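Me: I have a structure to look at for class. Could you go through it with me?

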Amino acid sequence: ISDFLRHELKNSLIGVTSSLELIRRRNRNADLASYIDRAENSTKFMKRLLDEASASTSLESALDNIQLERFDLSHLVEDKLVEYREMYPEYTFQFNTDDALYVSCDVDRMVQVLDKLINNAVEHGDSSFPLVITLGKVDRSVVLKVSDIGDPLVSDELDIFEPFVS
């Protein structure tokens, strides 16, 4: 249903946007220009909202169609640490890992997850304390943890895993 609604709303929005563009071209009444501006700004806002909703559900679809690849996650994190140390020279990075932790996952999504965790830690962390990345095996799972000392979450009730929450 959400795919259908999103598709139909985007099609309708294209019709409204193109009609506004034609009205703007043919308009000779200066008093109407502010109303056309307001309508165009509203359509831009609606398009951004639809794009955000589309990205959210596209991510869910992408996760359903993920391509798994077996690779050494500890090696990937070590490689990314070289980049992070160059990008954030004011931070000290510590990396604690078990050797050769092979996982099956989408490598690009794993890099994306790691980048988001590190960026969040840098954005909200205190550079006088190290950022600690821990990677280890627990039973039959691999656990990746990024720890920092910095700003606390605003509320314990905030569900950071809900769509559109940042």
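This is a predicted model: local features need pLDDT of at least 70, side-chain atom pairs count only at pLDDT 80 or more; totals for chains, interfaces and linings use all residues.

Me: Which residues touch the most other members of the largest nonpolar core?

Reply: They are Leu73, Val77, Phe93, Ile118 and Ile133, in a core of 23 residues. Two or more residues of this core come from each of α3 (73-87), β2 (93-97), β3 (102-105), α4 (107-124) and β4 (131-138). The most is given by α4, with six residues.

Me: Why would such side chains be found together?

Reply: In soluble globular proteins, nonpolar side chains tend to be buried together.

Me: Back to Phe93. What is it in contact with, leaving aside neighbours within four places in sequence?

Reply: Phe93 is in contact with Leu81, Tyr84, Arg85, Tyr88, Ile118, Leu131 and Ile133.

Me: How many aromatic pairs does the structure hold?

Reply: The structure holds one aromatic pair. The ring centres of Tyr84 and Phe93 lie 6.2 Å apart and their planes are at 25 degrees, so this pair is stacked.

Me: Are those two residues buried or exposed?

Reply: Both Tyr84 and Phe93 are buried.

Me: New topic: what is the accessible surface of the protein chain?

Reply: The accessible surface is about 12,300 Å², and carbon and sulfur atoms account for 54% of this area.

Note on methods:
Residues are numbered from 1 along each chain as its sequence is written. Side-chain values use heavy atoms; hydrogens and water are left out. A nonpolar core is a set of buried Ala, Val, Leu, Ile, Met, Phe, Trp, Tyr and Cys residues joined through side-chain atoms within 4.5 Å. Buried means under 20% relative accessible area, exposed over 50%, partly exposed in between (1.4 Å probe, protein chains only). Helices (H or I, at least four residues) and strands (E, at least two) are DSSP runs, numbered from the N terminus. Contact means heavy atoms within 4.5 Å. Rings of Phe, Tyr and Trp (its six-membered ring) pair if their centres lie within 6.5 Å; planes under 30 degrees apart count as stacked, over 60 as edge-to-face and the rest as tilted. Accessible areas come from the Shrake-Rupley method with a 1.4 Å probe; for residues, only the protein chains shown count as cover.
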